[in-house]
Amino acid sequence: MKFTRTPILFITFIFCSILSAQTPEPPEGFKWVINENFTDEFEGNALDTGKWHARSPYWVDGRPPATFRDYSVSVKNGNLQIKNSVLKNDEKYTIAGGAVASVAKDALYGYFETRMKASSISMSSTFWLKNKPDTKECPFEVQELDIVEVVGQQKKGGDFRTKLRSNTHTFYTDCDGTKTVKSQKGVISEINPPADEAYHVYGCWWVDANTIKIYLDGEYRTTMHPSTFFRDTPFNRPMYMHLVTETYNWETPPTPEELADDSRNTTYYDWVRAYTLIPN
């Protein structure tokens with residue numbers, strides 16, 4: 001029994017060490033614990049529908065010319081994969097992308113990270129959090145936290161392949177229907193190797209309602225302070241998680257030939273992990 005238990009204990013120790021390797025140093029008197037609702041190693045051969053929607057119920061259609069299809073999403077070889085493809089017989093959309101969304105909608109403060117390799121086409125590979133208005137009465141307010149948005153092939157847009165770009169957005173609609181958006185951007189930093197050539201760990205420490213820190217491969221890169229134009233504590237509401245591939249209106253979409261190339265049309269998520277701070 002001792003011989004069999006020792007390797008198990010050792011493996012457990014190593015596994016726990018790996019899990020905590022990317023998190024920043026917690027504040028004195030606190031420790032990180034795994035938030036299971038937003039954590040998945042993507043082992044096996046099927047998406048865990050207890051944790052994830054294969055097609056987001058929060059953002060159903062997407063941005064033309066790409067829309068979202070659940071058949072774009074698979075779990076295999078230890079990865080969540082979103083494979084982009086040509087969409088036929090649709091009057092509005094010509095490309096099938098993917099939008100995986102968390103079932104849980106209570107992400108609020110903590111550390112969130114994914115190990116991801118982007119596709120090599122002119123569609124996004126992303127990891128972000130968002131919410132819906134918390135009231136049916138106007139005004140309406142929505143927050144979005146973009147941890148990473150990369151594009152593996154640039155055609156006419158800016159460099160989203162080797163540059164780490166993170167944002168916070170507040171979408172506000174008053175009772176007259178007037179919409180206002182207030183955004184804050186993090187300092188842009190290098191992604192090396194490029195996002196479509198290697199896996200990188202993209203992390204975010206949502207410290208509090210006014211402070212969001214971005215990390216790349218375990219290293220701190222920038223701090224964002226969401227706009228206080230509408231409220232002094234702007235990011236104090238729980239969110240759901242999105243892992244999305246989409247087209248942008250500022251970038252030329254991929255060609256049918258590029259979408260048919262299996263060596264470049266897929267975004268790979270090795271894992272997604274989330275942690276919450278608790279007192280020691």
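**Contacts, rings and burial**

Modeller: Leaving aside neighbours within four places in sequence, Phe112 is in contact (heavy atoms within 4.5 Å) with Ala107, Phe127, Leu129, Ile147, Tyr202, Gly203, Cys204, Trp206, Met241, Arg273 and Ala274. A word on the source: this is a predicted model, where local features need pLDDT of at least 70, side-chain atom pairs count only at pLDDT 80 or more, and totals for chains, interfaces and linings use all residues. Residues are numbered from 1 along each chain as its sequence is written, and side-chain values use heavy atoms, with hydrogens and water left out.

Biologist: How many aromatic pairs are there by the rule you use?

Modeller: Rings of Phe, Tyr and Trp (its six-membered ring) pair if their centres lie within 6.5 Å; planes under 30 degrees apart are stacked, over 60 edge-to-face, and the rest tilted. The count comes to 15 aromatic pairs.

Biologist: Why is the pair of Trp32 and Tyr111 called tilted?

Modeller: The ring centres of Trp32 and Tyr111 are 6.1 Å apart and the planes stand at 55 degrees, so the pair is tilted. Trp32 belongs to strand β1 (residues 30-34) and Tyr111 to strand β8 (residues 110-117), so the pair ties together parts 79 residues apart in sequence. Strands here are DSSP runs (E, at least two residues), numbered from the N terminus.

Biologist: What makes the pair of Tyr111 and Tyr275 tilted?

Modeller: Tyr111 and Tyr275 are 6.4 Å centre to centre with 45 degrees between the planes, which makes a tilted pair. Tyr275 lies in strand β19 (residues 266-279), 164 residues from Tyr111.

Biologist: Why does Tyr111 count as buried?

Modeller: Buried means under 20% relative accessible area, exposed over 50%, partly exposed in between (1.4 Å probe, protein chains only). Tyr111 has 1% relative accessibility, so Tyr111 counts as buried. Tyr275, at 3%, is buried too.

Biologist: Which residues do ring pairs link into a cluster?

Modeller: Trp32, Tyr111, Trp205, Tyr215, Tyr220 and Tyr275.

Biologist: How do you know that a charge sits over the ring of Phe160?

Modeller: The rule asks for NZ of Lys or CZ of Arg within 6 Å of the ring centre and within 35 degrees of the ring normal. The charged end of Arg165 sits over the Phe160 ring, 4.4 Å from its centre. Arg273 lies over the face of Trp271, at 3.7 Å from the ring centre.

Methods. Helices (H or I, at least four residues) and strands (E, at least two) are DSSP runs, numbered from the N terminus.
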